[in-house]
Amino acid sequence: MKVAVSASGGDLDAQIDPRFGRCAYFIIVETDDMSFEVFDNENIALGGGAGIQSGQFVASKGAKTIITGNAGPNAVRTLSAAGVEVIVGQEGTVRKAIEDYKKKKLKSTTEANVADHYGMGNSPAQNTSVGDPPRQGGLGTGGGMGMGRCGGMGRGRGMGMGRGRGMGTGMPASGLASPNQPESALLPKEEELKRLKDQANDLRKQIENIESSINDLEKK
C-alpha cells in the first residue's frame, strides 16, 4: 500500500514537514517493503490553491493515505474526494510515522486542523490575527488606522496600512517589494501587473478545483 508523507528532506530519516500544501517534498512509501519515491513539491510557491494542487498530486501518485502535520479545509476536501485517508498532527521522522501507521497507532480524520493558506508565511507557525503586521503570503492582516487593501478571496482582512493581500503575496505597506527584497525596493509597474495577473489565474484555478470537489461530493 502506498502512503504519502510531507517531508522536509528526501529520505525516510527526514523530518515530517508540518505544511501539507507547501511542504518541501512528498515521499511516497510502499508499506510492504518500505521502498519509496521522492518528489519535489512544485506547489510550494503558489499564491493560492497549494493544498488543492498538492492533494491532487498525492492522489495521482496512487497514495491511499497522507501523513502530515497540518492540512487546511481545501486540502482535506480534495483528498477526501479522491479517496485518500488523511492523518494530521504528526511529527518526527518519515520512517517513524510509517512504522506507527503500520502498527495502526495513527488515526485518520475528515476535519482540517488549520485554516486555509497555512504555511504561506516565512515560518509554519505564523500568527495571522488582526493587528499583526502583514507577512509574506499570510492571511493579509494589517494594523493601525484606515481600511487597507484586500485582494483575494475575501481572506484579506486588511484593517490597517499593511495592505494585506488575502491569498496573494502579503506585501508590506512601504512599496510593492518582493519577498526576497528589502521593503524599500519597489517593483516596476509591469512586474507588479504580471504578479497580480498570475495571482488572479491562481485564484481562478482554485475556484475551479473547489467547484469540482463540491460536484464530486454532491454526486456521492
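Residues are numbered from 1 along each chain as its sequence is written, and side-chain values use heavy atoms, with hydrogens and water left out. Because the model is predicted, local features need pLDDT of at least 70 and side-chain atom pairs count only at pLDDT 80 or more, whereas totals for chains, interfaces and linings use all residues.

Helices (H or I, at least four residues) and strands (E, at least two) are taken as DSSP runs and numbered from the N terminus. Two strands are said to pair if DSSP finds at least two bridges between them. In general, strands of a sheet pair through backbone hydrogen bonds, either parallel or antiparallel. In this model, 5 strands form an open sheet in the order 3-2-1-4-5, and the pairing is mixed. Strand 3 and strand 5 (85–87) are the edge strands, each pairing on one side only. On average, neighbouring strands of the sheet are turned by 20 degrees against each other, direction ignored. Axes here are lines fitted to C-alpha atoms, for helices over the stretch in contact, and angles run from 0 to 180 degrees between N-to-C directions.

Strand 1 (residues 2–7) has partners in strand 2 and strand 4. With strand 2, the pairing is antiparallel and covers 6 bridges; within this pair, S6 stands opposite F26. With strand 4 (residues 65–67), the pairing is parallel and covers 3 bridges, and V5 has I67 as its bridge partner. Strand 2 (residues 25–30) also pairs with strand 3 (residues 35–40), in the antiparallel sense and over 6 bridges.

Helix 3 (residues 94–102) lies across strand 1, strand 2, strand 4 and strand 5, and runs at about 145 degrees to strand 1. Contact means heavy atoms within 4.5 Å. For accessibility, buried means under 20% relative accessible area, exposed means over 50%, and partly exposed lies in between (1.4 Å probe, protein chains only). In helix 1 (50–60), the buried residues are A50, G51, I52, S54, G55 and V58. The cover over these residues includes strand 1, strand 2, helix 2 and helix 4. After helix 1 comes G62, which has a positive phi near 85 degrees.

Helix 4 (residues 189–219) has 31 residues, which at 1.5 Å a residue should span 45 Å. The expected span is defined as 1.5 Å times one less than the number of residues. The end C-alpha atoms of helix 4 are 45 Å apart, in agreement with this value. Buried in helix 4 are E192, R195, Q199, D202, L203, Q206, N209 and S213. These buried residues pack against helix 1 and helix 2 (73–81).

A salt bridge is counted when a side-chain nitrogen of Lys or Arg is within 4 Å of a carboxyl oxygen of Asp or Glu. By this rule, the count comes to 3 salt bridges. In one of them, R95 is joined to D13, with the closest N and O atoms 3.0 Å apart. This pair links distant parts of the chain, with R95 in helix 3 and D13 in the loop between strand 1 and strand 2, 82 residues apart. R95 is partly exposed, its relative accessible area being 32%.

Another salt bridge joins D17 and R19, whose closest N and O atoms are 3.1 Å apart. Both D17 and R19 are buried.

The side chains of D100 and K96 also meet in a salt bridge, at 2.8 Å from N to O. Both residues lie in helix 3, 4 residues apart, or about one turn of the helix. An α-helix has 3.6 residues a turn, so residues three or four places apart point the same way. D100 is buried, with a relative accessible area of 11%, while K96 is partly exposed, with a relative accessible area of 43%. When residues up to four places away in sequence are not counted, D100 touches K105 and L106.
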